[in-house]
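I am keeping these notes while looking up places in a structure that is new to me. Each entry records what I looked for and what I found.

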Amino acid sequence: MSDTSQPIPPQSAPAPEEVEAAMAAHASDELARLQGELAELKAKSAELADQFLRAKAEAENARRRAEDEVSKARKFGIESFAESLLPVADSLDAALGIKEATPQQLREGADATLRQLTSALERNKVLAINPEAGAKFDPHQHQAISVVPAEQEANTVVAVLQKGYVIADRVLRPALVTVAAPK
């Protein structure tokens, strides 16, 4: 058989200079890529640091504003209540300024002043605890001063000795009451 094919020339290995040049080019490309990535990460880091500092300053400002508001609320929280009591004080001053007041005038003035005071308290959510006779004794709103024999059901209010007061469902002072004794 005859060999009609052409011999394949042996591939020659790249020259060391070519290998070195290819490696240098690759290293140069890789270095440029890494430097670009580093610059990008530094920029992102600087941006995040700036955002962090701004958020921290904003949180500090919000905390400071909240502290100021709480301080003002403590300082002036009673302002509305005090303003609603001023007419009561004015009425008492006016009553004391009348030198020759009759008992009837004093009584009418005292009634009007009490109405003003009650109205001022109610506007500020201070409500009286004044249970009716026969109402069930409530230890959360009443304080039993004594237990007395009575014709009514046991553990019910017989009489109120002193009104109690609540503010927004919180007892300021319980009503002082006498309670019916068990039969």
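Entry one, the largest pocket. I looked up which residues line the largest pocket and found Leu114, Leu117, Thr118, Leu121, Glu122, Val126, Leu127, Ala128, Lys163 and Tyr165. I then asked which elements give two or more residues to this lining, and the answer is α3 (103-123) and β1 (126-129). Helix α3 supplies the largest share, 5 residues. I noted the volume of the largest pocket as about 170 Å³. I keep in mind that this is a predicted model.

Entry two, helix α2. I checked the extent of α2, which covers residues 79-97 and so has 19 residues. From its first C-alpha to its last, α2 reaches 27 Å, close to the 27 Å expected at 1.5 Å a residue. Where does the kink in α2 lie? I found it at Leu85, shortly before the proline Pro87, with an angle of about 30°.

I stayed in helix α2, where Asp93 has its place. Is Asp93 buried or exposed? Asp93 has a relative accessible area of 54%, and since exposed means over 50%, I list Asp93 as exposed. I also looked up how far Asp93 is from Arg74: they are 19 residues apart in sequence and 29 Å apart in space, C-alpha to C-alpha.

I moved on to the loop between β2 (142-148) and β3 (157-162), where I found Thr156. Its relative accessible area is 6%, and because buried means under 20%, I list Thr156 as buried. I looked for a partner of its side chain and found that the side chain of Thr156 makes a polar contact with the side chain of Gln152, at 3.0 Å. Leaving out residues up to four places away in sequence, Thr156 touches Gly134, Ala135, Lys136, Phe137, Thr178, Val179 and Ala180.

I looked up Asn155 in the loop between β2 and β3. Its phi is near 60°, a positive value in a residue other than glycine. Asn155 has 44% relative accessibility and counts as partly exposed.

I followed the contact list of Thr156 to Thr178, which lies in strand β6 (residues 175-180). Thr178 is buried, with a relative accessible area of 10%. What does Thr178 touch, not counting residues up to four places away in sequence? I wrote down Ser146, Val148, Thr156, Val157, Val158, Ala159 and Leu161.

Entry seven, Ser146. I took Ser146 from the contacts of Thr178 and placed it in strand β2. With 27% relative accessibility, Ser146 counts as partly exposed. Apart from residues up to four places away in sequence, Ser146 touches Val177, Thr178 and Val179. I also looked up the separation of Ser146 and Gly97, which is 49 residues in sequence and 41 Å in space, C-alpha to C-alpha.

Ala168 is not a glycine, yet it has a positive phi of about 50°. Is Ala168 buried or exposed? I list Ala168 as exposed, with a relative accessible area of 60%.

How values were computed: Residues numbered from 1 in each chain as written. Predicted model: local features only at pLDDT ≥ 70, side-chain atom pairs only at ≥ 80, totals over all residues. Heavy atoms only, no water. Helix = DSSP H or I, 4+ residues; strand = E, 2+ residues; numbered from the N terminus. Buried < 20%, exposed > 50% of the residue type's maximum accessible area, 1.4 Å probe, protein only. Polar contact = N/O pair within 3.5 Å; in protein donor to acceptor, adjacent residues only side chain to side chain. Contact = heavy atoms within 4.5 Å. Expected span 1.5 Å × (residues − 1). Bend = angle between axes of the 7 residues up to and from the residue. 1 Å grid on protein atoms, 1.4 Å probe; cavity = no way out; pocket = protein on both sides within 12 Å on 5 of 7 lines; lining within 4 Å. Points joined across faces, edges and corners; volume = space filled by probe spheres on them.
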